[in-house]
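Colleague: I'd like to learn how to read helix packing and ring pairs in a model. Can you walk me through it?

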Amino acid sequence: MKLLEMHHVKKEFDGLGVLQDISLSVEEGEVVSIIGPSGSGKSTLLRCATMLEQMDGGELIYMGEYAARMQDGKCVYASKAELKKLHRYFGLVFQNFNLFPHYNVLKNITDSLISVDKIPKQEAVERAEKLLTQLGLADKRDAYPYQLSGGQQQRVSIARALAKQPKLLFFDEPTSALDPELTVEVLKVIKELAKEHMTMIIVTHEMQFAREVSDRIIFMEEGIIKEQGTPDELFGTDNERVKEFIGHLAGE
């Protein structure tokens, strides 16, 4: 089953086409990594998929339900109530954690569940505690973000996204703010999620990780998808630009 479909997506900033006719779909249980140079539109694509940015053109569909479609040459979004429902299908993990500094770990995870999703407090706390145990953070439930390492903060951020029990999880360069040792810690968590068949779209510059964890890798440049395929297909491509990009990053 297709969890996400994006058709002919366009996005401009100040007249500059950042996304130019992007189409992709993601099947349930699939792990898709998006790679490409800085400024290629990867993060903008994720922000359009998660409705943090409005598309200028194209269609956005979650589980067969339209979040946005073209009408009379314009990109028109569904009603607020419908969008709220569609938001429940996905979670998003940011590169800079985006934790509330004045909330402890437990409240960072449960606050939105209780206040937005109207989940009973006891159930929200149970979900959070189970995830914290799973992610090796059971002893940090009462800690505040400033008391945690970057890797621990990112794991809390992942727990917060998972607590909503999404069908699909987006990661926007989840390790770019971390040093190499902490990067390994976070990538291990994502690999475990892949083993559990969590559907994920991951924007990353970690080439070896993308190769190991992905069912499909998409290479983006200049706002378009230049190449996509299985990890073996992409790492064995004849496309000189893709070879150069992968080789450069793999050699860092």
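Predicted model: local features only at pLDDT ≥ 70, side-chain atom pairs only at ≥ 80, totals over all residues.

Colleague: What angle do H3 and H4 pack at, and how far apart are their axes?

Modeller: The general idea is that two packed helices are described by the angle between their axes and the distance between the axes. In our case H3 (residues 105–115) packs with H4 (residues 121–134) at about 135 degrees, and their axes are 9 Å apart. An angle has to be over 145 degrees to count as roughly antiparallel, so H3 and H4 are oblique to each other.

Colleague: Which residues of H3 and H4 meet?

Modeller: From H3 you have Val105, Leu106, Ile109, Thr110, Leu113 and Ile114, and they meet Lys121, Ala124, Val125, Arg127, Ala128, Glu129 and Leu132 of H4. Sort the residues of that contact by class and you get nine nonpolar, one polar and three charged.

Colleague: How do H3 and H5 cross?

Modeller: The axes of H3 and H5 (residues 150–163) come within 9 Å and cross at roughly 25 degrees. Angles under 35 degrees count as roughly parallel, so that's what we call H3 and H5. Their crossing is right-handed. On the H3 side the contact is made by Val105, Asn108, Ile109 and Leu113, and on the H5 side by Val156, Ala159, Arg160 and Ala163. The classes there are six nonpolar, one polar and one charged.

Colleague: Now the rings. How many aromatic pairs are there?

Modeller: Rings pair if their centres lie within 6.5 Å, and by this rule the count comes to four aromatic pairs. Take Phe90 and Phe170: their ring centres are 5.8 Å apart and their planes sit at 85 degrees, so this pair is edge-to-face. Phe90 belongs to strand S7 (residues 90–93) and Phe170 to strand S8 (residues 168–172), so the pair ties together parts that are 80 residues apart in sequence.

Colleague: Which residues form a cluster with those rings?

Modeller: One aromatic cluster is formed by Tyr62, Phe90 and Phe170.

Colleague: Are Phe90 and Phe170 buried or exposed?

Modeller: The cut-off for buried is under 20% relative accessible area. Phe90 comes out at 7%, so Phe90 counts as buried. Phe170, at 1%, is buried too.

Technical notes:
Residues numbered from 1 in each chain as written. Heavy atoms only, no water. Axes fitted to C-alpha atoms, helices over the stretch in contact; angles between N-to-C directions. Helix = DSSP H or I, 4+ residues; strand = E, 2+ residues; numbered from the N terminus. Parallel < 35°, antiparallel > 145°, perpendicular 65-115°, else oblique. Left-handed = near helix turned anticlockwise from the far one by under 90°. Contact = heavy atoms within 4.5 Å. Nonpolar A, V, L, I, M, F, W, Y, C, P; charged D, E, K, R; others polar. Phe/Tyr/Trp six-rings, centres within 6.5 Å; stacked < 30°, edge-to-face > 60°. Buried < 20%, exposed > 50% of the residue type's maximum accessible area, 1.4 Å probe, protein only.
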